[in-house]
Amino acid sequence: MYLFGINSNFFNINDLHQPYMAELKSLDTIITLSKRRGFIFQSSEIYGGLAATYDYGPLGVELKRRVSGEWWKAMTQKHDNIEGIDAAILMHPKTWEASGHVASFNDPMIDDKVSKMRYRADHLIEMHIAKLEEKGEKDKADTVQHLLDTAGTRSTMAKDLYQIILDEQIKSPASGSFDWTEVRQFNLMFKTQFGAVASNDEDSIVYLRPETAQGIFVNFLNVQQTSRQAIPFGIAQIGKAFRNEIVARQFVFRMREFEQMEMQYFVKPGTDMDAYEAWKEERINYHVGNGIRRSNLRFMDHPHDKLAHYAKAAVDIQYKFPIGWQEIEGIHNRTDFDLSQHSQFSGKKMEYFDPQANERYTPYVIETSVGLDRSCLMVLCDAYREEELEGETRVVLKMHPKLAPVTVGVLPLIKKDELMQVGEKIRKDLSESFKVQFDEKGSVGKRYRRFDEGGTPYCVTVDFDGLADNTVTVRDRDTMQQERVGVDHLENYIRTKIKNWTPED
Ligand code: ATP
């Protein structure tokens, strides 16, 4: 085969041994890999951690940036009628009255009637599970854990949690009694004090935003007028959101501080359902374009009786996580609910004037809302493979190369000056275009394995043969094939490989 001006030299381990491949079975595998390789750490780990908050390490932050970069590109670069914004996390408190969050963004709490102590219903159940484990009742503990993890799927979250407490006869830690109120709702928004005010004055309370969407709605007029976009057009934003989640125990799947990527698409009423259907298709194709296997993605429509108060239609894109099919993205027809509410609460008309039809109306909104952290988790889960090779296990992350934290590994075959110098020059040149890592420590086999585990798609090895004709070998992470490539063609070669990559089934 003739490639980039040089005869390629194939060596394919797969020709010798067909590897046995195992898929991911448990989220724990990803949690362990994340910590071991520096993708994601528990936040404030040295102090025992802060529940449901996480820090991204060196590989994790690169992955996260690539995932958010792809989304930003898909929205604001590929659509000339979608504008980006970056709104503040702290917003005027009236925003959350208008949006309905102050009144109805809740989760369940329970009170002990005897001691008058108030508990988080999920915490009581967690303590009960820990006790079962201590007593060696592992199967029972697992069953209750499963009920807790799936609370909210049988009935409402409050009712399901209450039922577990009743069925398990969980007693109050304070009084030892079994005399509970029903589970009631608790607002999920984090409150904080605004400005140097000593009192608990209601006027000084602000919230950490529980979703990024409202930052878009309140800027609807600003963006429309400054960008001079005509309807239909969209506004996109990536940013932090905060929710004091009651059941938050599934790694970065459910966090108290997380990032959302949301786009609100403003349309003329009457055209909303067509836009909704179009965005459904576009969004699932986007995930496939990021290398996620289509067979691991599905739509789940919200039944009409379970629609949020603002929605006319809603669907989740779900991914088959090791914890089951779970939401990764929501697509909602929010009607004119938000703009109308903000008009009413602010006294400012949030309308659009259509000069052609000479009419004024409040646009309808189609929302696409995807979690950045959940997306990263999905990429890790979908990419994870264990392959048995000659009695050894190769752990490899076969993610789309465009998302890989490190695109190219550069490895001098051995630590000799001539090879190191050429390798360093290649690292420097390629780093203009890609994230490159130089690694000269340990055997080549061990170095390949390290890069495999971090998801690095291409390893460039500098050897003595190549010094003579200015070539290197490039090893492909997925196939383990090696090709000899001219150094001058490396960048194009890698670009072409990234462009033509397709996921394995
Ligand atoms: P869930 O039903 O899982 O609680 P939701 O329906 O409340 O999610 P939305 O409000 O629609 O979620 O938020 C949009 C997206 O934001 C979700 O699809 C998810 O990817 C992400 N997301 C929501 N809550 C969290 C969280 N606590 N941690 C991480 N990501 C989250």
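The model is predicted.

Start with the overall layout.

Now turn to the helix contacts. Two packed helices are described by the angle between their axes and the distance between the axes. Begin with helix α6, residues 121–134, and helix α7, residues 138–149. Their axes come within 8 Å and cross at roughly 165 degrees. Angles over 145 degrees count as roughly antiparallel, so that is the label for α6 and α7. The crossing is left-handed. On the α6 side, the contact is made by Asp122, Ile125, His128, Ile129, Leu132 and Glu133. On the α7 side, Lys138, Lys140, Ala141, Val144, Gln145 and Leu148 take part. By class, this contact of α6 with α7 has six nonpolar, two polar and four charged residues.

Helix α6 has a contact with α8 as well. Helix α8 spans residues 157–167. The axes of α6 and α8 come within 10 Å and cross at roughly 35 degrees. This crossing, too, is left-handed. Ala121, Asp122, Leu124 and Ile125 of α6 meet Leu161, Tyr162, Ile164 and Ile165 of α8. The residues of this contact divide into seven nonpolar, no polar and one charged. Asp122 and Ile125 are listed in the contact with α7 and again in the contact with α8.

Another pair is helix α3, residues 58–77, and α13. Their axes come within 10 Å and cross at roughly 110 degrees. Angles of 65 to 115 degrees count as roughly perpendicular, and α3 and α13 are therefore described that way. From α3, Leu63, Lys64, Val67 and Ser68 meet Leu372, Ser375, Cys376 and Val379 of α13. By class, the contact of α3 with α13 has five nonpolar, two polar and one charged residue.

Which residues come nearest to the ligand? Of the 16 residues around the ligand, they are Phe258, Gly330, Ser369, Gly371 and Arg374. Strand β16 gives the most, with four residues. By class, the shell around the ligand has four nonpolar, four polar and eight charged residues.

Finally, look at the backbone. Most residues other than glycine have a negative phi, and most peptide bonds are trans. Two places depart from this pattern. A cis peptide bond joins isoleucine 231 and proline 232, with omega about 10 degrees. Proline 232 is found in the loop between α10 (220–227) and β12 (233–242). Serine 44 is not a glycine, yet has a positive phi of about 50 degrees. Serine 44 sits in the loop between β4 (40–42) and β5 (54–56).

Notes: Residues are numbered from 1 along each chain as its sequence is written. This is a predicted model: local features need pLDDT of at least 70, side-chain atom pairs count only at pLDDT 80 or more; totals for chains, interfaces and linings use all residues. Axes are lines fitted to C-alpha atoms, for helices over the stretch in contact, and angles run from 0 to 180 degrees between N-to-C directions. Helices (H or I, at least four residues) and strands (E, at least two) are DSSP runs, numbered from the N terminus. Angles under 35 degrees count as roughly parallel, over 145 as roughly antiparallel, 65 to 115 as roughly perpendicular and the rest as oblique. A crossing is left-handed if the near helix is turned anticlockwise from the far one by less than a right angle, and right-handed if clockwise. Two residues are in contact if their C-beta atoms, placed from the backbone, lie within 7 Å. Ala, Val, Leu, Ile, Met, Phe, Trp, Tyr, Cys and Pro count as nonpolar, Asp, Glu, Lys and Arg as charged, and the others, Gly among them, as polar. A residue is near a molecule or strand if its C-beta atom, placed from the backbone, lies within 6 Å of it.
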